Amino acid sequence: MCIAATTALAQTAEIEVGYTAHSPSMKDGKSDLTSRYVLLANNKQSKFYSPMTEYLDSLNSTPEGKAKYQEMTTNAYLGGKMDQLPRRDGTYYVTKSFPSKSVKYYDTAGLDKYFYEEQPEEWQWEIGGLSKDILGYECIEATTEFHGRKWTVWFSPEIPVYNGPWKLDGLPGLIMEAVSEGGQYRFIATGIQQTAKPIGHVYLDSEYEKTNRKDFLKAKRSFLDNPLGKINAQLGLDVKVIDDNGSQTDSSMFMPASVVDFIETDYR
């Protein structure tokens with residue numbers, strides 16, 4: 001009954017867009033990591049999320065689901081099928097409410113979960129003169145600066161959904177492709193269809209601590225700069241990294257911000 005009530009209260013999407021999200025590896029600054037994301041949207045609200053991550057979060061939101069998750073994990077280990085371990089694909093959720101001009105962002109920083117709400121400033125898009133075909137739709141070029149990065153996007157006026165991947169929106173048509181300057185971050189539409197799926201809530205949202213955008217990014221950077229120190233402090237451990245000679249080495253396992261940084265860089 002609770003599930004039925006939640007579904008009834010949820011907004012129904014009008015469009016479902018699949019995207020491949022590209023991001024750089026924070027471990028080496030070179031590898032291109034990909035995740036599958038979906039945008040569910042109507043003209044009032046939207047949710048951008050990873051279906052696999054949402055599935056695992058939905059499992060862990062109930063005792064029965066947790067038992068199933070543990071069974072899946074155990075079977076993968078015992079069967080030596082490590083590729084079948086249930087793994088999150090992407091970490092964040094972005095929900096938008098257009099009547100209130102509100103964006104909510106849910107993500108992790110190490111072992112901690114955070115969310116923040118923001119009301120973005122008006123988008124300053126510059127429409128270009130180029131166009132190209134994406135999934136059979138004619139798309140127009142546009143550029144903007146957003147939170148420390150320059151973005152080039154391709155949007156389709158043929159699809160009257162003023163939205164796009166991640167936080168990007170504000171153009172007279174759906175954003176089908178977006179590339180940050182240098183190409184480290186990219187979103188590319190892989191499929192689009194009409195839908196009547198509910199735009200549901202974020203599972204386990206009560207476990208996310210409220211913060212603001214820049215404090216979240218600073219917390220995430222602080223973890224990457226000293227992951228073992230943060231883990232040891234939180235869990236009361238004393239884990240050390242030892243090299244082949246038996247000497248303790250630098251505990252940092254990630255590249256500094258000067259080599260590779262987050263999708264938003266204006267927190268520094």
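This is a short tour of selected side-chain contacts, stop by stop.

What you have open is a predicted model, where local features need pLDDT of at least 70, side-chain atom pairs count only at pLDDT 80 or more, and totals for chains, interfaces and linings use all residues. Residues are numbered from 1 along each chain as its sequence is written, and side-chain values use heavy atoms, with hydrogens and water left out.

**Salt bridges**

Select D32 and R186: their side chains meet in a salt bridge at 3.2 Å, N to O (a side-chain nitrogen of Lys or Arg within 4 Å of a carboxyl oxygen of Asp or Glu). D32 sits in strand β3 (residues 32-41) and R186 in strand β12 (residues 186-194), so this pair ties together parts 154 residues apart in sequence. Strands here are DSSP runs of E, at least two residues, and helices are runs of H or I, at least four, numbered from the N terminus. D32 is partly exposed at 40% relative accessibility (buried is under 20% relative accessible area, exposed over 50%, partly exposed in between, with a 1.4 Å probe and protein chains only).

Next, pick R88 and D57, a salt bridge at 2.7 Å, N to O. R88 is in the loop between α3 (63-78) and β5 (93-97), while D57 is in helix α2 (residues 51-59). Buried or exposed, what is D57? With a relative accessible area of 4%, D57 is buried, whereas R88 is partly exposed at 36%.

**Around K167**

Now centre on K167, whose salt bridge with E264 has its closest N and O atoms 3.0 Å apart. K167 lies in the loop between β10 and β11 and E264 in the segment after α5, so parts 97 residues apart in sequence are tied together. K167 counts as buried at 3%, and E264 does at 2%.

Which ring does the charged end of K167 sit over? That of Y105, 5.1 Å from its centre (NZ of Lys or CZ of Arg within 6 Å of the ring centre and within 35 degrees of the ring normal).

**Aromatic pairs**

The count comes to 19 aromatic pairs (Phe, Tyr and Trp rings, using the six-membered ring of Trp, with centres within 6.5 Å; planes under 30 degrees apart are stacked, over 60 edge-to-face, the rest tilted). Show Y106 and F115, which are stacked at 5.5 Å centre to centre, with 20 degrees between the planes. Finish on W151 and W166, a tilted pair at 5.8 Å and 35 degrees. W151 is buried at 0% relative accessibility, and W166 is buried at 1%.
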